[in-house]
Amino acid sequence: DDIAPNVKQVTRSTIDLPDEAPLARVAPVGIDMPKIAISPDGDRIVHVAESDGGTALFVREIDGYQMSRVPGTEGAILPFFSPDGTWVGFLTNDQVKKVSLRGDRPFTLGDATTPVRAFWTPDGSILVSSNGGQAVSRISAEGGGDFSHIASLSELFPRAHWTNMTDVSPDGTAALAAVWLRSVSGDYADIHWIDLKTWRTERIALFGYDARFAGEFIVFARGGALMAAPWEEAELRSGEPVPAISGVRMESFFGQSQFSISRSGTLLYVPGSDRAIGRIASLDRRGNAKFLDVPQRAYAAINVSPDDQRLVVNVADSNDYLWIYDLERQEGRRLAAGTVPLWSPKGDEIVFSRADPDHGWRVFTLPVSRPEQPREVLASEFRVHPSSWSPDGSTIALTHEGTANRMSFLNIRGEPNLTMASPGGSYHLFPSFSPDGKWIAYGSGETGRFEIWVRSYPNGETARQISVDGGVEPVWCDNGELLYRVGNQWMVVSITTGPELSWEPPRPIFSSDFIDTPRGTWDVTSDGQRVFIFRRTSEDERTKFRLVTNWFSELKRLVPTN
């Protein structure tokens, strides 16, 4: 084809990774954060490699052939370049560091709690998105200072399922963020522009996640493809988006994608698709898995009926909905709009929450035989999700999310009555009633690492730590066993609740690949013999990258402008 006078030739190539430095796997505890970065001038690429049993950064010149390990970068989980391209910043699970590409040893800038993104700004600061992406702090890239908290995304967007800051503008004055309001899937998240001085926010007329500034465009992820839309910064206005690159590895539940764009217009990405798409699998106590005969979808939460014959599942869509699947008949049916469903102890009702972007969150109970008659039992300004139903059917344990993650208990006999069980500022998740209803198992981060605790109910006077090496998502079985997860390893504890609380040491039962979701990732039958999870049907690409030079020229051809 003839090339227009001011349009540069677009080239595409594949970069094969060396056997000793494949792209790092997704951590068993964590999300698929961006593991690749390209320098602002497009001359170098850095990636997080799996090396010597851990992770480390590897660097390569674009016009070279060799990738070399960056010394001292063990434990890296995310790389990012300085504006001049001479330094690489990187995150570990608990620290922010930087390293010169001249061969110097890394320099630790500070400690961070669950960091997920970082951005090096022109004024010599580094903005870090931590606490799972909900808190934004600033630290000097020169070192020698402390973090200063500057914003809470959960306060800016209190009604959202989830929020992520995804990029900072080249001049460091603005940021982009994805805000989940209608669905747990990022495909339907709103993209917002944020003024980093005033923290004023404006919704951009785009749906998707992991949005980045790209010259005259905004590029973002949706449906396994990179979308591009023209962007007018002065008017905070975007044009109509179009698909720009298909087959890119991304993850829509937590809003992450594996691509990086240089200021000069070179695109680097990992081939793949949306890692949130999968099927339901049933595992026995040895970890042997069998896929159910159900479609591939973005399944976001699952719960097994008390008789172990049915599943209720949260399907992520433009508006999330509940789906019941009969295991014996192998038939499914759509039930109602909502998220994070739970069966009642008798199996005749389901409790679930529903997001309303204009009015906050609602919790409903719904008779399975009369799905047209939901009963609202709670309204909340902040995110709230059911977690467990007491054996006598009177009380629903909830997790309140937002500025804090707190347990609460909703009595639904008569007029609903809510009791908060943990103080503001605590971090308690996944409450689960014991079979006798007198104890609550839950996850707590109060020791600095998530562990499983058991607390007496309703007085809360006795609390004991059960796990010793971390743990999340506890589920109590009818036989007194408590199952929980440590990354991709499932654990079991045999607990006796009377006359005194006692338990045996936790022991592993199996490990398995699975699709992590924001809530309700898995469930177990009442006898503890079968675990239901979501799994992908294909492996991640870990051995090659795609490189597109002069990509901005292609965007100017693809994307219509006014």
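These are my notebook entries on a predicted model of a single chain, from the overall fold down to single residues.

**Entry 1: the chain as a whole**

I began with the secondary structure, which comes to two helices and 52 strands. I then looked up the radius of gyration, which is 24 Å and close to the 24 Å that the globule rule gives for 562 residues, so the chain is as compact as a globular protein of that length. Taken along the principal axes, the box filled by the C-alpha atoms is roughly 75 × 50 × 45 Å.

For burial, I noted that 58% of the 562 residues count as buried, and that the accessible surface comes to about 23,400 Å², with 45% of it belonging to carbon and sulfur atoms. Among the contacts with a separation of 6 or more, 45% are between residues 24 or more positions apart. I also looked up the charges, 56 positive and 72 negative, and found that their mean positions lie 1 Å apart.

**Entry 2: strand β31 and its two partners**

I next went to β31, residues 321–326, where six of the six residues are buried. Which residues point which way from this strand? I wrote down Tyr321, Trp323 and Tyr325 for one side and Leu322, Ile324 and Asp326 for the other, and all of them are buried.

On the β30 side, I found that residues 310–315 pair with β31 in the antiparallel sense over six bridges, and that a hairpin of five residues joins the two strands. Within this pairing, Leu311 stands opposite Tyr325.

On the β32 side, residues 331–337 run antiparallel to β31 and are joined to it by five bridges, with Tyr321 standing opposite Ala337. This pair is also a hairpin, with four residues between the strands.

Gln330, in the loop between β31 and β32, has a phi near 55 degrees, a positive value in a residue other than glycine.

I placed Val340 in strand β33, where its relative accessibility of 7% makes it buried.

Ser344 sits in the loop between β33 (339–343) and β34 (349–356). Although this is a loop position, Ser344 has a relative accessible area of 3% and is buried. Which residues does Ser344 touch, if those up to four places away in sequence are not counted? I listed Pro306, Glu349 and Trp389.

**Entry 3: Gly470**

Gly470 lies in the loop between β44 (463–465) and β45 (472–476), and at 6% relative accessibility it counts as buried. Leaving aside neighbours within four places in sequence, I found Gly470 in contact with Arg449, Phe450, Glu451, Tyr484 and Val486.

**Entry 6**

I turned to β14, residues 162–168, and found seven of its seven residues buried. β14 pairs in the antiparallel sense with β15, residues 174–180, over six bridges, and the bridge partner of Trp162 in β15 is Trp180. Five residues lie between the two strands of this hairpin, and in the turn Gly172 has a positive phi of about 75 degrees.

**Entry 4: two cis peptide bonds**

Tyr457 and Pro458 are joined by a cis bond with omega about 10 degrees, and Pro458 lies in the loop between β43 (451–456) and β44. Gly498 and Pro499 are likewise joined by a cis bond, with omega about 0 degrees, and Pro499 is in the loop between β47 (489–496) and β48 (502–503).

Methods: Residues numbered from 1 in each chain as written. Predicted model: local features only at pLDDT ≥ 70, side-chain atom pairs only at ≥ 80, totals over all residues. Heavy atoms only, no water. Buried < 20%, exposed > 50% of the residue type's maximum accessible area, 1.4 Å probe, protein only. Pairing = 2+ DSSP bridges. Rg over C-alpha atoms; globule rule 2.2 N^0.38 Å. Contact = heavy atoms within 4.5 Å. Areas by Shrake-Rupley, 256 points an atom, 1.4 Å probe, with all protein chains shown as cover. Lys, Arg positive; Asp, Glu negative; His and termini not counted. Charge placed at Lys NZ, Arg CZ, Asp CG, Glu CD.
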